[in-house]
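Try each task before reading its solution.

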Amino acid sequence: MTSVPTSRTRAGIVLAIGITTVLTATLAAAPATAAPTAEAPTTAARTGAHGAVADSGTVPAAAALPTVQRGLDGVRGSGTSGSVGTGKAGPGGSRFDTGARPAATDGDSIGIQSVIGTDNRVRVDPTTVFPSSAIVQIVRTTNGTTWGCTGWLYGPSIIATAGHCVHPGGGQNGGGGNNFYPRGDFQIIPGRNGTSTPYGTCTATQLLSVNGWTQNGDETYDYGAIRLSCAAGNSTGWFGMWWQSASLTGTATTVSGYPCDKTFGQQWRHAGQTVAVTHARQVFYQNDTFGCQSGSPVYQTRAAGSSYCTGQCVMAIHAYGLHGSSPHSTNNHGTRITESVFNNLITWRNS
């Protein structure tokens with residue numbers, strides 16, 4: 001993690017900041033962009049870019065789910081709503097505090113500083129109210145260096161996150177099974193609030209991503225998941241999510257996670273923005289973020305009766321700060337939940 005990454009993966013890895021070591025990378029060229037069109041239905045064969053891979057264990061190939069709907073306007077889409085949970089603390093796995101540690105300064109590394117203009121983030125306190133309770137801090141300590149990411153529960157015992165939080169990407173070796181990062185180095189802390197861990201700390205039982213990230217290092221496929229040793233989601237609740245063939249531009253956005261420029265373990269949120277630009281596999285927004293917020297949910301509160309998903313519904317997984325050319329250079333951005341991403345996430349949750 002401390003060596004200079006290849007150009008296809010520099011921007012992604014730089015967002016999983018080393019809390020005790022800072023990774024400095026050269027600016028990567030911006031990836032090719034695409035028009036905001038829907039992906040074709042797919043069975044996500046393991047050999048394709050969305051083909052699932054894991055650090056170990058059985059990885060079922062995602063099948064096209066029979067829930068695709070078509071609205072009166074012809075828009076295709078599908079989704080699943082979340083759960084508010086019991087709201088009670090625990091069980092959440094082992095109950096111990098990993099301890100607060102100061103974040104290292106980010107230096108001048110491109111892509112880390114993602115506050116756009118005035119910092120409009122606000123601290124989330126308390127974190128025991130849904131959906132804040134369903135947002136998790138991911139802590140990975142490898143060879144004495146601690147790294148931070150964010151994730152979000154979308155079932156009782158599984159979280160979604162950025163692919164670069166579980167695998168270095170681009171064919172690189174993270175040191176664990178199937179070149180993922182070592183599974184035993186992870187701690188997942190739902191609803192953490194500084195030194196308080198109201199739902200305990202969970203460990204990882206499986207790390208998941210797709211070939212488009214692990215082999216190709218393509219930021220438009222930068223997504224993954226972690227299967228947990230606990231069922232904290234029954235207490236914290238979990239997010240819903242949805243995909244649609246139409247553009248998301250203008251959709252209200254909230255991004256909340258665990259940035260490393262703030263006190264370690266505090267959750268911070270920026271709401272009140274909208275999607276600025278929609279691409280086929282990414283969305284772009286002005287919500288302020290910082291390193292270690294990679295994997296945060298980009299979500300909208302959708303009213304009862306809304307298509308595909310109601311309540312707290314995720315449309316993208318935050319992964320990148322400013323880099324390259326417009327719109328990448330002027331917006332924070334994340335991996336869009338497309339039909340293929342949705343099918344993989346649901347298959348992983350249900351298997």
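**Exercise 1. Work out how far apart the sulfur atoms of C149 and C165 are, and which hand their disulfide has.**

Step 1: In this predicted model, the sulfur atoms of C149 and C165 are 2.1 Å apart, and a disulfide is a pair of cysteine sulfur atoms within 2.5 Å, so the two cysteines form a disulfide.

Step 2: The torsion about their S-S bond is about -85°, so this disulfide is left-handed.

Step 3: The pair links distant parts of the chain, 16 residues apart: C149 sits in strand 7 (residues 145-155), and C165 in the loop between strand 8 (158-161) and strand 9 (186-190). Strands here are DSSP runs of E with at least two residues, helices are runs of H or I with at least four, and both are numbered from the N terminus.

Step 4: Both C149 and C165 are buried, meaning under 20% relative accessible area, with exposed over 50% and partly exposed in between (1.4 Å probe, protein chains only).

A word on the ground rules: residues are numbered from 1 along each chain as its sequence is written. Because the model is predicted, local features need pLDDT of at least 70 and side-chain atom pairs count only at pLDDT 80 or more, while totals for chains, interfaces and linings use all residues; side-chain values use heavy atoms, leaving out hydrogens and water.

**Exercise 2. Find the hand of the C202 and C230 disulfide.**

Step 1: The sulfur atoms of C202 and C230 lie 2.0 Å apart.

Step 2: With a torsion of about 85° about the S-S bond, the disulfide is right-handed.

Step 3: C202 is in the loop between strand 9 and strand 10 (204-210), and C230 in the loop between strand 11 (224-228) and helix 3 (233-236), so the pair ties together parts 28 residues apart in sequence.

**Exercise 3. Decide whether C260 and C292 are buried or exposed.**

Step 1: C260 has a relative accessible area of 6%, so C260 is buried.

Step 2: C292, at 1%, is buried too.

Step 3: Their sulfur atoms form a disulfide at 2.0 Å, and its torsion of about -95° makes it left-handed.

**Exercise 4. Describe the surroundings of H270.**

Step 1: H270 is in strand 14 (residues 268-278) and counts as buried because its relative accessibility is 4%.

Step 2: Beyond neighbours within four places in sequence, its contacts (heavy atoms within 4.5 Å) include N120, R121 and D288.

Step 3: A polar atom of the H270 side chain lies 2.7 Å from the backbone nitrogen of D288.

Notes. Polar contact = N/O pair within 3.5 Å; in protein donor to acceptor, adjacent residues only side chain to side chain.
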